[in-house]
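Keep the viewer open as you read.

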Amino acid sequence: MYLRIFVLCVFIIFLSIANATELTFELEDNARQCFHEDVKKGTKATLEFQVISGGQYDVDVILTGPSGHSLYDERKKQYDSHTFTAEKDGEYVFCFSNEFSTFTHKVVYFDFQAGDEEPKWKSMGGENTALTSLEMSSVTMHESLKVVVDYQTHHRLREATARDRAEYLNERVQYWSIGESVLIVILSIGQVFVLRRFFAEKRSNI
């Protein structure tokens, strides 16, 4: 029984990641990074991306089909989601470009999903197979975990973006504070020299 539970859990986890590609990577300045995915005709696919950190949080994104025609082409986007249905079998290519930036690196997250996940009850024995209460609980838990994972992913992305902005702002505030401190010291020294010169000239006149 325990072996059956273990196999069922592993099977559910495997199916949940079989049709999805998720990655966070660093895109250097003047760089272009492309990814390839084989998609069958009639399959519905979704590309979702977000720039987590770097510069103005923007990147160029191009999605092309097997024949080389453009399916999606956006410039300087921070985040977006595009859904399409494959018109033919073949390799679909989506590229992220930071070629317009001369010195700023970007950290980009993307999630590419192709096809709808097969219902678990079909994979466990067909339409005429009655599921046990344990199997039904496992299927329900799997669906709930998918929602939780999606929420966690989006919240992690928001947290990472907010943290990067906060660190950038904190760095600028520190530089501004250092500049103000240096300016105050320079003004104080200047005032001391001006006062000393004023009293020295007054003493010489006496």
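Let us start with Asp58, which sits in the loop that joins strand S3 (44-53) to strand S4 (59-64). Please keep in mind that this is a predicted model. Is Asp58 buried or exposed? Its relative accessible area is 11%, and since buried means under 20%, Asp58 counts as buried. Setting aside neighbours within four places in sequence, Asp58 is in contact with Val51, Lys76, Lys77, Gln78, Phe100 and Lys106.

Tyr57 belongs to the loop between S3 and S4 as well. Its phi is positive, near 60°, although Tyr57 is a residue other than glycine. Asn30, in the loop between strand S1 (20-27) and strand S2 (32-39), also has a positive phi, about 55°, and is not a glycine. Most residues other than glycine have a negative phi.

Here is how accessible these residues are:

| Residue | Relative accessible area | Class |
|---|---|---|
| Tyr57 | 7% | buried |
| Asp58 | 11% | buried |
| Asn30 | 46% | partly exposed |

Now for the second largest pocket, with a volume of about 280 Å³. Its lining has 13 residues, and those closest to the centre are Gly54, Gly55, Tyr57, Asp164 and Tyr168. Which element gives the most to this lining? That is H3, with five residues. Strand S8 (106-114) and helix H3 (133-205) each supply at least two residues. Both domain 1 (21-116) and domain 2 (133-194) provide at least three residues of the lining.

How values were computed:
Residues numbered from 1 in each chain as written. Predicted model: local features only at pLDDT ≥ 70, side-chain atom pairs only at ≥ 80, totals over all residues. Heavy atoms only, no water. 1 Å grid on protein atoms, 1.4 Å probe; cavity = no way out; pocket = protein on both sides within 12 Å on 5 of 7 lines; lining within 4 Å. Points joined across faces, edges and corners; volume = space filled by probe spheres on them. Helix = DSSP H or I, 4+ residues; strand = E, 2+ residues; numbered from the N terminus. Domains from an automatic or database assignment. Buried < 20%, exposed > 50% of the residue type's maximum accessible area, 1.4 Å probe, protein only. Contact = heavy atoms within 4.5 Å.
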